[in-house]
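Please keep the sequence and the 3D view at hand while reading.

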Amino acid sequence: MTRLHDDVRLAGAYQPGNAMPESSLRAWAELIASFAPCPAPAVLEIGAGTGMFCAALARWQRASPVVGVDPSVPMLEQARRHNAHPGVHYVVGSAEAVPTRAESFDLALLSRVVHHLPDRPACARELTRVLRPGGVVVIRTTFRERLDALVYDYWPQLRAVDEQRFPGRQEVLADFTRAGFTVREVTSFAQPVTPALRAYHERMSTRPQSKFSYLTTAEFETGLRRLARDAASEPASAPWPVPERYDLAALALD
Ligand SMILES: C[S@@+](CC[C@H](N)C(=O)[O-])C[C@H]1O[C@@H](n2cnc3c(N)ncnc32)[C@H](O)[C@@H]1O
């Protein structure tokens, strides 16, 4: 299996395969920025990937500067190509060793990344270093207790895989409170990721997420055929938007 950080194929498929309708991305950016302790916050995104949240926060929430850190060079190449913005800087680094000075940011975002971290407590400690006093970390994830995305209807094997990969709510909160954060809010929020099931089928056919690497080719093809059949029965005049729900935890440094 290719290491996630070196996966050029995944990096190329990630942006088109995870882009959202503009209204969804705006709604997410607004919610994430609502936890910032000040207007126009300095933002650090850990595991920025192809940078869609970095650009959205700079563009619509006046976040400045925005630094997107990721260990994957191929992901950051895609970020610079698809989500360039004058106020956004993409930097190679990791959650456990962020290449910036202490007390540089008001808001840190970890979107769909906590399940990738080899050492979550080290990440939490590092964020206490790089955030300013009063700074907030927003964790956007799926806690293990709520694996309810549509993807599991077509690839049920992935539920068992993700039960192993995704941490539970209490585990994540405990790692960050032990490091010195206080829980501000835990909530969840859903937005359409594609406007129709046909579009969802099209994007899934590119295997745009790392979870698909846990399936055999036969398992992947079987699920994709079932999804294609359902998408073919979608009425063109009344498409079925596909929502995805994410959990959100906001924790602050006193
Ligand atoms: C699923 S992508 C999320 C990208 C983006 N945040 C989003 O929500 O679309 C996960 C990202 O985490 C990165 N990642 C993996 N291990 C990491 C680590 N130790 N520190 C920081 N980022 C990491 C991966 O390279 C990948 O780009």
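Predicted model: local features only at pLDDT ≥ 70, side-chain atom pairs only at ≥ 80, totals over all residues.

Residues are numbered from 1 along each chain as its sequence is written, and side-chain values use heavy atoms, with hydrogens and water left out.

Begin with the largest nonpolar core, which has 31 residues. A nonpolar core is a set of buried Ala, Val, Leu, Ile, Met, Phe, Trp, Tyr and Cys residues joined through side-chain atoms within 4.5 Å; buried means under 20% relative accessible area, exposed over 50%, and partly exposed in between, with a 1.4 Å probe and protein chains only. Ile32, Phe53, Leu57 and Val138 have the most contacts inside this core. At least two of its residues come from each of helix H2 (22–33), helix H3 (52–61), helix H4 (73–82), strand S3 (88–92), strand S4 (105–111), strand S5 (131–141) and strand S7 (242–253). Helices (H or I, at least four residues) and strands (E, at least two) are DSSP runs, numbered from the N terminus. H3 gives the most to this core, seven residues.

Val138 touches Ile32, Phe35, Leu107, Ala108, Leu109, Leu110, Leu248, Ala249 and Ala250, leaving out residues up to four places away in sequence; contact means heavy atoms within 4.5 Å. Another core, of 28 residues, lies apart from the largest one and includes Val67, Ala124, Leu127 and Leu131.

Next comes the ligand. Around the ligand are 22 residues, of which Glu45, Gly47, Asp70, Ala95 and Ser111 come nearest; a residue counts as near if one of its heavy atoms lies within 4 Å. A polar side-chain atom of Glu45 is 2.8 Å from a ligand nitrogen atom. Ligand oxygen atoms lie 2.6 Å from a side-chain N or O atom of Asp70 and 2.7 Å from a polar side-chain atom of Ser111. Taken alone, the ligand exposes 600 Å², and the protein buries 95% of that (areas by the Shrake-Rupley method with a 1.4 Å probe). Strand S1 (43–46) and H3 are the elements giving two or more residues to this shell.

Beyond its neighbours within four places in sequence, Asp175 is in contact with Arg120, Pro121 and Ala124.

Conventions. Polar contact = N/O pair within 3.5 Å; in protein donor to acceptor, adjacent residues only side chain to side chain.
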